[in-house]
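I opened my notebook to look up a few places in this structure. My entries follow in the order I made them.

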Amino acid sequence: MRRFLAAIAVVGLLLAACAEEEPTVGETGVTGATGETAATGATGPTAALTAADCAATATFVSPGTLTIGTDNPAYPPYFQGGTTKDSEWKFNDPNNGEGFESAVGYAIAERLGFSADQVTWIVVPFKEAYAPGPKSFDLDLNQVSFSTKRAEAVDFSESYYDVNQALVVVEGTPITEATSIADLQQYTLATQLGTTSADLISDYIGTEPAVYQKLADAVAAINAGQVDGLVVDYPTALYIADPFVQQVKDSIVLAQFPNEAVEGGEYFGAVLAKGSSLTECVNLALQEMKADGTLDAITTEWLSEKTNVGEVPVFES
């Protein structure tokens, strides 16, 4: 879960869904998981089904509450604003509405007919979100990219963010001289286990990734000089290498990779239980948010205006 050919501000203009599956849902006339889907309604050709209409007949983990999952720590720029003293959340508390995915979550909730105090965030480790089996959440927002394999076990919403991957390196190290994909093949590149970043390293760059259980572990590895570079989502890379943050010390974003570097293109989608009655409703909420500019505004506020990293070149094979 995202084009990205200059600064990240361009991203907000490119939020279009790129789902590969087109499941037919109910009798509403909503026939897919793309931003081009139209809701024709079940009561006549002019009766449009809204997200709130849809949610009124959906099933929830806890009636009267929208339960949203995400991983902990909740990393910027997806979650921001810090935590309270006794909070279970590390770095940032999603309940404050600050950060890209927190804001997206509350905007979806509003479209579904929930007030902010009817939203509950719970901790769901990244890989558990799309693992087979029952879910403790109604939807999960955690930079989970759609893939056909993942969609065998869970439902994905349409795109709320089209995403590229990017490469973070330490200034002054040999890898900074790389200018192409071929140049990167001699280096050890790290990422988090189970991510599309690992697939990109092996399939697009053509080298064996160094995978770590948590992103924090991969960050520690590059800081310790154990690996040459770190591949993460582009917004994450911009945060890690921000001159005022520098999670990787003395780092820069050396390159980004085209959206198509991940087979079929890459986008973040909300994850729901397989066959969830809420999937159609979340798609309708996202379509409404795209149509009236809400999603663009959230992207601009929390991603486009939050970076201090300059223009980043694209490495293509």
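This is a predicted model: local features need pLDDT of at least 70, side-chain atom pairs count only at pLDDT 80 or more; totals for chains, interfaces and linings use all residues.

**Entry: the pocket and helix H5**

I looked up which helix gives the most to the lining of the largest pocket. Helix H5 (residues 196–205) does, with six residues. Residues are numbered from 1 along each chain as its sequence is written, and side-chain values use heavy atoms, with hydrogens and water left out.

The lining of the largest pocket has 23 residues. Ser147, Lys149, Arg150, Thr196 and Asp199 lie nearest its centre. I sorted the lining by kind: ten residues are nonpolar, six polar and seven charged. Here Ala, Val, Leu, Ile, Met, Phe, Trp, Tyr, Cys and Pro count as nonpolar, Asp, Glu, Lys and Arg as charged, and the others, Gly among them, as polar.

How much space lies in the largest pocket? About 590 Å³. The volume is the space filled by probe spheres set on grid points, which are joined across faces, edges and corners. A pocket is defined on a 1 Å grid over the protein atoms alone: it is an open set of points where a 1.4 Å probe fits, with protein on both sides within 12 Å along at least five of seven lines, and lining residues have an atom within 4 Å of a point.

Next I asked why H5 is largely enclosed by the rest of the structure. Seven of the ten residues of H5 are buried, so the helix is largely enclosed. Buried means under 20% relative accessible area, exposed over 50%, and partly exposed in between (1.4 Å probe, protein chains only). The buried residues of H5 are Thr196, Ser197, Ala198, Leu200, Ile201, Tyr204 and Ile205. They pack against S5, helix H4 (181–184), strand S6 (189–192), strand S7 (210–212), strand S8 (229–233) and S9. Packing is judged by contact, meaning heavy atoms within 4.5 Å. After H5 comes Gly206, with a positive phi near 90°.

**Entry: strand S9 and Gln256**

I moved on to one of those neighbours. Gln256 lies in strand S9 (residues 251–257). Is Gln256 buried or exposed? Gln256 is buried, at a relative accessible area of 0%. S9 is largely enclosed because six of its seven residues are buried. S9 pairs with strand S5 (residues 165–170) in the antiparallel sense over six bridges. Two strands pair if DSSP finds at least two bridges between them. Opposite Gln256 stands Ala166. The side chain of Gln256 also makes a polar contact with the side chain of Asn164, at 3.4 Å. A polar contact is a pair of N or O atoms within 3.5 Å; within protein, one must be able to donate a hydrogen and the other to accept it, and residues adjacent in sequence count only if both atoms are side-chain atoms.

**Entry: strand S10 and Ala273**

Ala273 is in strand S10 (residues 267–273). Ala273 is partly exposed, with a relative accessible area of 24%. S10 itself is mostly covered, with six of its seven residues buried. Which residues does Ala273 touch, not counting those up to four places away in sequence? Lys135 and Asp155. S4 and S10 pair in the antiparallel sense over six bridges. Leu272 is the bridge partner of Asp155 in S10. I also checked Ala273 against Ala129: they are 144 residues apart in sequence and 9.0 Å apart in space, C-alpha to C-alpha.

**Entry: two loops**

First I looked between S3 and S4. Val144 lies in the loop between strand S3 (139–140) and strand S4 (154–162). Val144 is buried at 0% relative accessibility. Gln143 lies in that loop between S3 and S4. Gln143 is buried too, at 13%, and has a positive phi of about 55° although it is not a glycine.

Then I looked between S1 and H2. Pro73 is in the loop between strand S1 (66–70) and helix H2 (100–112). A cis peptide bond joins Asn72 and Pro73, with omega about 15°. Another cis peptide bond joins Pro76 and Pro77, with omega about 0°. Most residues other than glycine have a negative phi, and most peptide bonds are trans.

How values were computed: Helices (H or I, at least four residues) and strands (E, at least two) are DSSP runs, numbered from the N terminus.
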